[in-house]
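Have the viewer ready, try each task, and then compare your steps with the worked solution.

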Amino acid sequence: MSDTSLILAIPALPLIAAALIGALGPRVFRGQSHWVAIAALVGSFVAAVTTLAHGHAYSGSLYTWFAAGSLSVDLAWRYDPLTAIMLFTVTLVSLLVVIYSRGYMRGERGYTRFFAYMCLFVFSMCTLVLADNFAVLFLGWEGVGLCSYLLIGYFYERPAAAAAAKKAFIVTRIGDLGLMIGVLLIYATFDTLSISRVLGRVEPYPLGLSLPNHTLSWVSVLLLCGAAGKSGQLLLHVWLPDAMEGPSPVSALIHAATMVTAGVYLVARTQPIFHFGGVLPVVATVGCATAFFAATIAVVQVDIKRILAFSTISQLGYMFLGVGAFNVNAAIFHLFTHAFFKALLFLAAGAVMHAMADVIDLRKMGGLWRKLPLTTGVFLCGCLALAGIPGFAGYFSKDEIIGTIFLQSNPPHPAWLVIGGAAILTAGLTAFYTFRLFMRVFTGPEVLPEETHGHVHPAGVWMSAPMIVLAIGSVVAGWFGSMVHHVLDGDAIGPLSFAWPRYEQPFEVLVAIVTTVLAVGGALLAVILYGPLRNWTLNAGLERTFIYKLLWNKYYFDEIYNLLIVRPLRAVGRLFVRVDDDGIDNALVGVTWAPRGLGLLLQRAQRGSLGGYAFTFVIGAALIGAAIAWVKW
Amino acid sequence: MNHYAVNLVLALLPEIALLAGGMLIVLLLATQSTAEGDCATTHRRAAWAALFTVFAAAMLLQLGPRVSPDELRPPAPQSHLLAASQPAGVVMLGPPVLALDGTTRAVRWAAIFMGVLLIGGNFGCPENVTSRLKMAGRGSPEFFMLLLFSLAGLMLVASANDLIVLFLAIELTSLPTVVAVVLSRPRHGAIEAGGKYFFLSALSVAFLLLGLAYVYGATGTTSLERITSMTAYGWAGAKGPIGLVAVSLVVAGLAFNIAAFPYHVYLADVYQGAAAPVSGWLAFVAKAAGFVALAKVLVAVAGPVRMFDLGWVGEPVWQRFIAGLAVATMLASNVLALRQRSVKRMLAYSSVAHSGYILVALLVVPEPGETLPIVAMFYLVGYGLANLGAFLTLSAANPDDSREADTFDDLRGLARRKMPLAVAMAIFGFSLMGLPITVGFMGKVFVFVGAYRAGFAWLVVVALINSAIGVAYYLRMVASCWLDVLDPASDDPSPVGRGSQGETAAPPRPTPSLVIAVLAVLTVGFGLLPAGLFRPMASERTVREILHPAPPPAPPRRPPLASAPARP
């Protein structure tokens, strides 16, 4: 198989599967729909691995999608190190999640619909990372957004799910608007939408690309808007916690491992633009702030999936921080490891929900390790990786990012020191909330929510197998750091047109020690507080403090947005409805009376009598004569 | 027998075939069996024979000899005065009585095409035969003779180049329809409708004939070619008092055929009285003949005239009047259609509205060799398809099967009872409304774009507003079919069992499913591929120009005023 067909098979197979399941699922496949999805995703994964192993970077075009004037949009793809890593991650995680879904979604209404959406999502995501054209990238971007909307609202009978789906869609649309304007600005500036060509012109920027002042800065800021919306960065993060209304496999795949990393991918892909636009420090600041604030919120939440959601936001912040600190390799490496352990955590949380009759409040459960030993084991692997305990996946990638920060300037600039300090602190917080979650759910005396009626569903083999694979990944993924860097540096499949500056992968001993101490300390603190001490009263005392309330209410972001944006918009909307209903509608209804009235008038003339008709005919002839004379021909 | 007569026969072979076929059908079948059971057989045979005749006409049209217009000039009568001056051996030729131009070709094909569908649609007509409620104790093969005659009449109208031929052709088109209306149903309603139709038709024919006589009086000739050349050379007789009376009367007479305002009043009664397939027949054939004749007369008496390759000569003065007539027709009919409770009456008034749109099409600049713009024919055929389809669906849609559906209530729940019919009804309704991917939409696009390019932007706006009004009642027709299905609350199939008032229980009426299906497919098919309908009717070049119009020439830049101070 040629490279081209192999690469195109990666998005094509899920698309075919989605179409097949969508068309034939309800009638033909029914309960066996997952086989179609699994077959397609195995194909995609094999193709992704094969191209990664044997392929070489190149770009190509399927055909010209449309052309208008100087604008020509090709369905072009670009296979390079970044894409290779992304494709590998996406296809692997999606395959595992779909296998898991076979067990998790069994018996749900709309079983086939679920797999059709999942396949459509994988197609969109692969399109997004393969695109060598901003228009095609946008297509994939909106495609994953659509699938996210559909899957969050999968249980659309539940008002909360429907509202969450709407919120996710609308909030990301705000970011997408920025992305769209950014793409238009790119077209206005470079007269092309081809990513390769744009980057090819940006890179030799210092060598004399004459652009209007700040154009690149504006482009970067607008792209950052889109990326922040998709990746749940600060100010646009409010949709991600609510998105946990979707089924757990969806949270694992879309809202942890893949789609939310699209923003990181976008910034990484267009990093030269950000660099020469001078916006990278902004990216770093946004990422750092997000990482820190999300981690603090996670400390007090009680909803398992929401804690994980805030942790995702926080980890995405790390990735932004990595890109912003000029170390794209580290960011992508973190993306890679994060995909494993966060997907694992969500799947394990799903297994807990599955066992606990969909109860997700950690206050209602405890000591589950006796009932769910396997889930406890894999969850622990995920926690160790997320907390950054040395030896596990998160440790390597996170340390690389934090280490990079202190290499920005020599001696370190105060701003970078602040960012670095916050990042290290966040690592401690992460370890704390991770183990708080673990201890409260899995250890201590056994507490089961009432809803289970004492009966616990263990995870079947369909659910266990993918979790075990991911658990292994969470443990060992970090060890493959050098391999990932090998690929990203372009040594394996070769860079396409540009490469990020190579770093001697930083391993600042001091930073590493501090981070490790903090992480282990945070974890230990949580273990002690929620383990042997089981000091719930400490919580009760804290609950009255202002800072606790602030964190509990997620810094009141939802409330502020509600007050500043949603309510005024609603008021304007109500005004418009009033104008429309009372003003325009009545006016229109009034207009419709005109033909009716005229009709009534004319109807009077239609009595059905022959004499009357004949009379009309004679009058008509006179009328026609008069009209002809009147127009004076 | 001279060559002229032979050429005339050769040129009219398709029409002659239709007329001969119609007469043969009657001769062979009318006297056949009088036994009860054989009526239906006789009837079916007549229908098949008519279908065969139309195919034969189509073959003759396609394969028959081509006769050039010059070969159709009769020898001029020997004049003593001229005889003295003209050289020996030279025969003076008079104006041709036939004009075989682009419009003729288009109308002939349209007539054949719609003829096949009309015969198919009228298989179940007249009802007294198929429902075996016999009136005369025999089949009605003459029904199909009438249909063939009126098709032949329509084709003759298109080739007429002489006022007398034109008049006779129009009568040949419309008189059979009067008889068909009376024959079509075994009910007094049909007879009443036929009677009205006949009297009013006679009245309007009187107008038309009087008008044609005045034209002759003003010009001294009955040849349309002669009149055209008089107009071309600056004769302004049509603007004089006699010309004005003449044109007014001709327009009044033809307005009956096309049912333009205020000659639309009879239409609803006739459509309601006649069987639905016959209404579909009236709507197409009579209307097409009227429009072709109207275009012929107006162009002849008032221009414009195409002078060789010089383009249009003379101002088309009648256009403003036609535009006004179009507005009045569209408006009156649309507001009346809004108020109808009977679907057939609604369709009748809406058919008047379509006449208004076709009047707009008359303003489109015709391609070379046409009198009636080809887009008008396109619209007519597209309208004819959807209209016949709607009528046929209506005739099969009633819940109790003994009579045709008439009111909107009769259509209720059609989607549940006969889903394919409801789908077909939706297609026809959408086409009549002018929604995309139907032939009705394409027709409106071509007509409105053409009128816009001819400089009638305001008229296009009026026509669009009227189309919007039209959507209201057509949607009502389409929605009625689905109401029961869409509204789960009403489980009560109330219309069922409400029928059979006064009528004896009749056997189920045959549903012309095949014809309805074909019509629905064509309605969508020609909407997607309008070239498929254009191609047989017009030359390759015309089709290309309509489907891919060149951008209009840029308006000439106004030269700067000489007195304006030059800016640095």
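**Exercise 1.** Which residues are linked with Arg306(A) in a network of salt bridges?

Solution. Keep in mind that this is a predicted model. Start from Arg306(A), whose side chain meets that of Asp303(A) in a salt bridge at 3.6 Å, N to O. Both Arg306(A) and Asp303(A) are buried. Now widen the view: the network also takes in Arg158(A), Lys167(A), Asp242(A), Glu245(A) and Asp558(A).

**Exercise 2.** Find where Glu15(B) and Arg108(B) lie, and decide whether each is buried or exposed.

Solution. First, the contact: the two side chains form a salt bridge of 3.1 Å, N to O. Next, the places: Glu15(B) sits in helix H2 (residues 13-29) and Arg108(B) in helix H5 (residues 102-121) of chain B, so the pair links parts of the chain 93 residues apart. Last, apply the cut-off, since buried means under 20% relative accessible area. Glu15(B), at 1%, is therefore buried, and Arg108(B), at 8%, is buried too.

**Exercise 3.** Which residues form the negative surface patch around Asp581(A)?

Solution. Begin with Asp581(A), which belongs to helix H24 (residues 557-604) of chain A. Its relative accessible area is 39%, so Asp581(A) is partly exposed. Patch members need over 30% relative accessible area and no salt bridge. Together with Asp580(A), Asp582(A) and Asp585(A), Asp581(A) makes up the patch.

How values were computed:
Residues numbered from 1 in each chain as written. Chains lettered and ligands numbered in written order. Predicted model: local features only at pLDDT ≥ 70, side-chain atom pairs only at ≥ 80, totals over all residues. Heavy atoms only, no water. Patch = residues over 30% accessible without salt bridge, like charges linked within 9 Å, V, L, I, M, F, W, Y side chains within 5 Å. Areas by Shrake-Rupley, 256 points an atom, 1.4 Å probe, with all protein chains shown as cover. Salt bridge = Lys/Arg side-chain N within 4 Å of Asp/Glu carboxyl O. Lys, Arg positive; Asp, Glu negative; His and termini not counted. Charge placed at Lys NZ, Arg CZ, Asp CG, Glu CD. Helix = DSSP H or I, 4+ residues; strand = E, 2+ residues; numbered from the N terminus. Buried < 20%, exposed > 50% of the residue type's maximum accessible area, 1.4 Å probe, protein only.
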